[in-house]
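Biologist: I have a protein chain to get to know. Could you show it to me, and then take my questions?

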Amino acid sequence: MTVMPRPSILSVEPYVGGESKIPGVNRIIKLSSNEGAFGPPPGAVEAIRATAAEAHRYPDGNAKAIREAIGARFGLDPARIVVGNGSDELLALLILAYGGEGTELVMSAHGFMMYDITGRWAGCRIIKVPEKNLTTDVDGMLAAVGPRTRLMFLANPNNPTGSILPQSEVERLRAGLRDDVLLVLDSAYAEYVTRPDYDAGAKLVDASGTTVMTRTFSKIFGMGGMRLGWAYAPAPIVDVLGRVRGPFNVNASAMAAGVAALAEKGWVEQSVAHNTEWRAKVAAALTAAGIKVWPSEGNFVLADFGTAAKAKAADEAMKQRGLIVRAMGGYGLPQCLRITIGTAEECTMVIDALTAFMHG
């Protein structure tokens, strides 16, 4: 007799993170995980060092300092902020708390893979809605909602496509949902967006009792290794998350680093300016080389080579130069590679490598 998990667990394909090593290559340029181009802010690094001597102490289970720092930075009520071990944990807690066997979770066809993975873990039926030009189709999402639908996830900007919905479309999506459907706005890349018709989600959270916004310190704040994310939610949902999260779910170093990162003067502005400049340069150069580049509002571009074979060949050509990017087969886009916007030197290396590949 073998102990067996719930059947839905066996339908889960484990998440595979971006590669980080190439056998036989000394210098690796890792552009596969959308990590911030400049690493963590200096103040965050110092905060991590400062907490090391107190590593034997449990962290503040109420996360008071980091919640207050987030609230002050973004003009939000700290009482309605929940922090997590990366935003992934908060996404999972929401799915486990509001989904489960007999419910449905709706997402776009090329949405973030963790919605599908955690949804299956919870026992939800996952409904993936085809996109239009690699952009979420609001009408299609609404049409996919059935009596058992309890959750809808929208990454805005979306990973891995880089596409975005304007605020008017997000509001139309929320307005078309029943009040018993939780809309989760995953805004991991919000800081990189510069267009005026965008809101990361706080407005809809305030206007609706069934909308949650999630954010992360893993991207623009360069703290992916520390695992720190947060959610802004209506008070009843904050109460539910407080009941299901672990009592010390975020470590002390991560919280201290987060407070320091938020206080780092000019960090976000410098990072956004760099990303906007080099995302455009990379897109223009790859387009000139004959590669289709999908419009992106994140810190990455999606390069479309037309066929899976050509994308694989391009991937191998880049690895020969020590460049690691992200193959997109797992997202149903085998003809594409997702390329993080790194430093100016790293972006130039990408341009040179792919230009040589296309002209080879």
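Biologist: How many positive and negative side chains does the protein chain have, and how far apart do the centres of the two sets lie?

Modeller: First, a caution: this is a predicted model, where local features need pLDDT of at least 70, side-chain atom pairs count only at pLDDT 80 or more, and totals for chains, interfaces and linings use all residues. Residues are numbered from 1 along each chain as its sequence is written, and side-chain values use heavy atoms, with hydrogens and water left out. Lys and Arg count as positive, Asp and Glu as negative, while His and the chain ends are not counted; a charge is placed at NZ of Lys, CZ of Arg, CG of Asp or CD of Glu. The protein chain has 36 positive and 36 negative side chains, with the two centres 3 Å apart.

Biologist: How many helices and strands are there?

Modeller: Both are DSSP runs, numbered from the N terminus: helices are H or I with at least four residues, strands are E with at least two. By that count the protein chain has 12 helices and 13 strands.

Biologist: What is the radius of gyration of the protein chain, and what does the globule rule give?

Modeller: The radius is taken over C-alpha atoms, and the rule is 2.2 Å times the number of residues to the power 0.38. The two values are close, so the protein chain is as compact as a globular protein of its length.

Biologist: What percentage of the residues count as buried?

Modeller: Buried means under 20% relative accessible area, exposed means over 50%, and partly exposed is in between (1.4 Å probe, protein chains only). Of the 360 residues, the buried share is 55%.

Biologist: Which strands pair with β8?

Modeller: Two strands pair if DSSP finds at least two bridges between them. Strand β2 (residues 81-84) pairs with β8 over 4 antiparallel bridges, and V83 has W230 as its bridge partner. Another antiparallel pairing, also over 4 bridges, involves residues 211-216, where M213 stands opposite Y232. The partners are β2 and β7.

Biologist: In what order do the 4 strands of the open sheet lie?

Modeller: The pairing is antiparallel. The edge strands, β9 (292-294) and β12 (326-327), each pair on one side only. Strand β10 (residues 300-304) is joined to β13 (residues 336-340) by 5 bridges, with V301 opposite I339. The order is β9-β10-β13-β12.

Biologist: Is L134 buried or exposed?

Modeller: L134 lies in the loop between β4 (125-129) and α5 (138-143). Its phi is positive, about 55°, although L134 is not a glycine. Its relative accessibility is 12%, so L134 counts as buried.

Biologist: What is the relative accessible area of R227?

Modeller: R227 lies in the loop between β7 and β8. R227 is not a glycine, yet its phi is positive, near 60°. R227 is partly exposed, because its relative accessible area is 27%.
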